[in-house]
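Subject: The model we talked about

Hi there,

Here is the structure I promised to pass along.

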Amino acid sequence: MNPIMKTHPIAVIPGDGIGQEVIPPTLALLEACGARFGIGFEWKHFDWSADYYFRHGRMMPEDALDRLRPHDAILLGAVGHTDLPDNVTLNGLLLPIRRGFDQYANVRPAVLFDGVDSPLAGRRGGDIDMVVVRENTEGEYAQIGGFVYHQQPEEVAVQTSVFTRRGCERVIRHAFELARRRNGRKRVASISKANAQGYSMVLWDRTFAAVAAEFPDIATESLLVDAAAMNFVRRPHTFDVVVASNLFGDILSDLSAMVCGSIGLAASANLDPSRRHPSMFEPVHGTAPDIFGKGIANPLAAFFSASMMLDHLGYNEAALALERSISAVLSARQARTADLGGSSTTSQVSAAVVSELSSKP
Ligand SMILES: NC(=O)c1ccc[n+]([C@@H]2O[C@H](COP(=O)([O-])OP(=O)(O)OC[C@H]3O[C@@H](n4cnc5c(N)ncnc54)[C@H](O)[C@@H]3O)[C@@H](O)[C@H]2O)c1
């Protein structure tokens, strides 16, 4: 136990489904970690979710961003409900927070841990260690468009992507800076589709080349998104940092998560690198209605997201200790949930990680 040096106000939004099952053990783990490293947390819980929508007709109150603003970070579970269209939950909660707080870098590490089986033959722990940096505020998810002849047989939908030089440049720069400090491999791959999208992706490619020129110590490659999908399977070990637009990054990061064993391990950070606004940390997975209520959700994606939060708050040592405890539990192949081929419950896996963290000097 160390005396608490600083206390951080953290906004907690468990959301729906297994979000409500993985967030409580995440807070308990952070408490244990905080006690060891002298970090205090002041949790402020928000019940914004699909249930909130059923009661109030909206996912979160009108002044939600003002209520979140004073916090040092936001910890989110997942949102979504079988009785609610997914665009309502996405546009009613996730996107307004990501955009309103200019969390333009969505950082999604994908690591194949020792003790975890990849669906790819012949890959062992340590073979895959990449991070997808996804543009998070514009691009294909800009929500600009509309319907003509709405819900009639002649219906027409128009959906416009928005790519700005500023938007491309800042996320690409973030990827290069991450590659510089990450693990010495110093590689950035850019995901494009300039052969078919002759405006947006041409701007993306030109911006990538301009930023790359500022980082002569970083090796680069540019891949069409279809080739990238193939190479995430064929040669995942060659990737270090991968930077992509909103849509391409969304799809590729699920693929990178799966080649590393399970979506139940995939963590993410929605960062405002300028630190003007709170950043948000959340597991990549959704509400998993098929397993909700059974107590068998893998909490490790949320735990990894918590370690990213610690790192963002400046506690690199604590973040590393947390990651090592999780990877020790994975490596021991004892406490593991069904998605990883085990039969442990969420509570058993959580207890194993806390015990591992507490047992190390
Ligand atoms: N960030 C978010 O809040 C977010 C992200 C993705 C999906 N969603 C929402 O979640 C709902 C369900 O979406 P989906 O089924 O496409 O994706 P999902 O991630 O919820 O589930 C996909 C599959 O992975 C399994 N799975 C996911 N997380 C797991 C975990 N921690 N442990 C064990 N197994 C796990 C599920 O059981 C399911 O079989 C939808 O309403 C969707 O909109 C929300």
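First, the ground rules. This is a predicted model, in which local features need pLDDT of at least 70 and side-chain atom pairs count only at pLDDT 80 or more, while totals for chains, interfaces and linings use all residues. Residues are numbered from 1 along each chain as its sequence is written, and side-chain values use heavy atoms, with hydrogens and water left out.

The ligand

The ligand is surrounded by 21 residues, and the closest are Val-79, Asp-86, Gly-286, Ala-288 and Asp-290 (a residue is near the ligand if one of its heavy atoms lies within 4 Å of it). This shell divides into 10 nonpolar, seven polar and four charged residues. Here Ala, Val, Leu, Ile, Met, Phe, Trp, Tyr, Cys and Pro count as nonpolar, Asp, Glu, Lys and Arg as charged, and the others, Gly among them, as polar.

A backbone N or O atom of Gly-286 is 2.7 Å from a ligand oxygen, and a polar backbone atom of Ala-288 is 2.8 Å from an oxygen atom of the ligand. From Glu-282, a polar side-chain atom lies 3.2 Å from a ligand nitrogen. On its own the ligand has 810 Å² of accessible area, and the protein covers 69% of that (Shrake-Rupley method, 1.4 Å probe; for residues, only the protein chains shown count as cover).

Two helices

Helices (H or I, at least four residues) and strands (E, at least two) are DSSP runs, numbered from the N terminus. The expected span of a helix is 1.5 Å times one less than its number of residues. Helix H9 (residues 300-312) has 13 residues and should span 18 Å, which agrees with the 18 Å between its end C-alpha atoms. Since 12 of its 13 residues are buried, H9 is largely enclosed by the rest of the structure (buried is under 20% relative accessible area, exposed over 50%, partly exposed in between; 1.4 Å probe, protein chains only). Among the buried residues of H9 are Phe-303, Phe-304, Met-308, Met-309 and His-312. Gly-314, with a positive phi near 100°, follows H9.

Single residues

Arg-134 lies in strand S5 (residues 129-135). Is Arg-134 buried or exposed? Arg-134 is buried, with a relative accessible area of 2%. Its side chain makes a polar contact with that of Asn-246, at 2.9 Å (a pair of N or O atoms within 3.5 Å; within protein, one must be able to donate a hydrogen and the other to accept it, and residues adjacent in sequence count only if both atoms are side-chain atoms).

Ser-343 sits in the loop between helix H10 (316-332) and helix H11 (346-359), and is exposed at 72% relative accessible area. Leaving aside neighbours within four places in sequence, Ser-343 is in contact (heavy atoms within 4.5 Å) with Arg-336 and Gln-348.

Most residues other than glycine have a negative phi. Gln-143, in strand S6 (residues 139-148), has a positive phi near 55°. Arg-275, in the loop between strand S11 (267-271) and strand S12 (279-283), has a positive phi near 65°.

Happy browsing!
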